[in-house]
Amino acid sequence: MSRGIRYEEAFAKRVFESVFPGSVMRYQPSQSNGEYDFDLTCADGRTGVVEVTSALDSRVLEAWRHILDMRKGGPFIKAIQCHRSWTIAFSADANITAIRKCADGYLAAIEAGGITRFKADVDSDERVRKIREELGITLGQVAPDWIKPRRIFMSLPGPSERLHACSAIHAAEAEVLKPDNRRKLGAHMTGERHLAVYAPITGVPSFALWMFEPPPTEALLPPEISDLWVFGDRPGVREHIVWHSRTGVPWRKLTCNFDEGPSAQIE
């Protein structure tokens, strides 16, 4: 069955053709039997296959979907009991339906106590403790008075796990362990076998790519995979960060600008 190319696959194509100047990534539209995504041909004659996957934080994506559902009001809640507009934040596992239904009343009680800003994990006020324990709201702040009509803005939650230098590597190596990825690449043991992992901006791995340098270790790879890549993007930024490792070669960071080419190349 033929299918269209996905965003992360199109992104990977640009990354590889930038990192390997003169190379061609040929997409495989027919994948009814679980084939890999691309044939890679390099300018020096080397060939390989590429499978593209994503490191998704399903809880965060599901929370975003619920918050941005315009049939339910999108990221806004009508402020009926509150006399001012508010901005609130909560974790990805909070009950969005309950927040839509009850946040106005809870915030009105907080507002009546003269509170205009709270951080639930350090604030000792009973009304703040209640909104945290019963709705999962962790932060709140009164919005400017000029916002009309009054409303409550729901911030989009981010990932809950702690950010560290190995966050991107752990996410990529989790994809390495998936039997489907190993099977697709392992069917072509005569050439290079690349697993490319896209890190969406909703997850910790994406932030790790930008904020840290990769550790001086090499990727833990099974025989079916010769190279592991992690790449991500940020809205409005033309520069893209890529981490790469292969058997016997430590992780390295590459900076790709699709208008100017990469800052480093893989030999």
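Predicted model: local features only at pLDDT ≥ 70, side-chain atom pairs only at ≥ 80, totals over all residues.
1. Residues are numbered from 1 along each chain as its sequence is written, and side-chain values use heavy atoms, with hydrogens and water left out.

2. Because 6 of its 8 residues are buried, S11 is largely enclosed by the rest of the structure. Buried here means under 20% relative accessible area, with exposed over 50% and partly exposed in between (1.4 Å probe, protein chains only).

3. Strand S10 (residues 227-232) is joined to S11 by 6 bridges, antiparallel, with Gly 232 opposite Ile 241. With S12 (residues 249-257), S11 pairs antiparallel over 7 bridges. S11 and S12 make a hairpin with 2 residues between them, and Gly 248 in the turn has a positive phi of about 85 degrees.

4. Now S5, residues 86-90: 4 of its 5 residues are buried. Antiparallel to S5 runs S7 (residues 137-142), joined by 5 bridges, and Trp 86 stands opposite Val 142 there. S8 (residues 151-154) runs parallel to S5, with 3 bridges; Ile 88 has Met 154 as its bridge partner in S8.

5. Next, the rings: the whole structure holds 11 aromatic pairs. Rings of Phe, Tyr and Trp (its six-membered ring) pair if their centres lie within 6.5 Å; planes under 30 degrees apart are stacked, over 60 edge-to-face, the rest tilted. Tyr 198 and Phe 231 are tilted, because their centres are 5.7 Å apart and their planes at 40 degrees. Tyr 198 sits in S9 (residues 192-199) and Phe 231 in S10, so the pair ties together parts 33 residues apart in sequence. Both are buried, Tyr 198 at 9% and Phe 231 at 1%.

6. Finally, have a look at Glu 8 in helix H1 (residues 7-19). Glu 8 counts as buried, at 14% relative accessibility. Leaving aside neighbours within four places in sequence, Glu 8 is in contact (heavy atoms within 4.5 Å) with Val 52, Ser 54, Tyr 198 and Phe 231.

Notes: Pairing = 2+ DSSP bridges.
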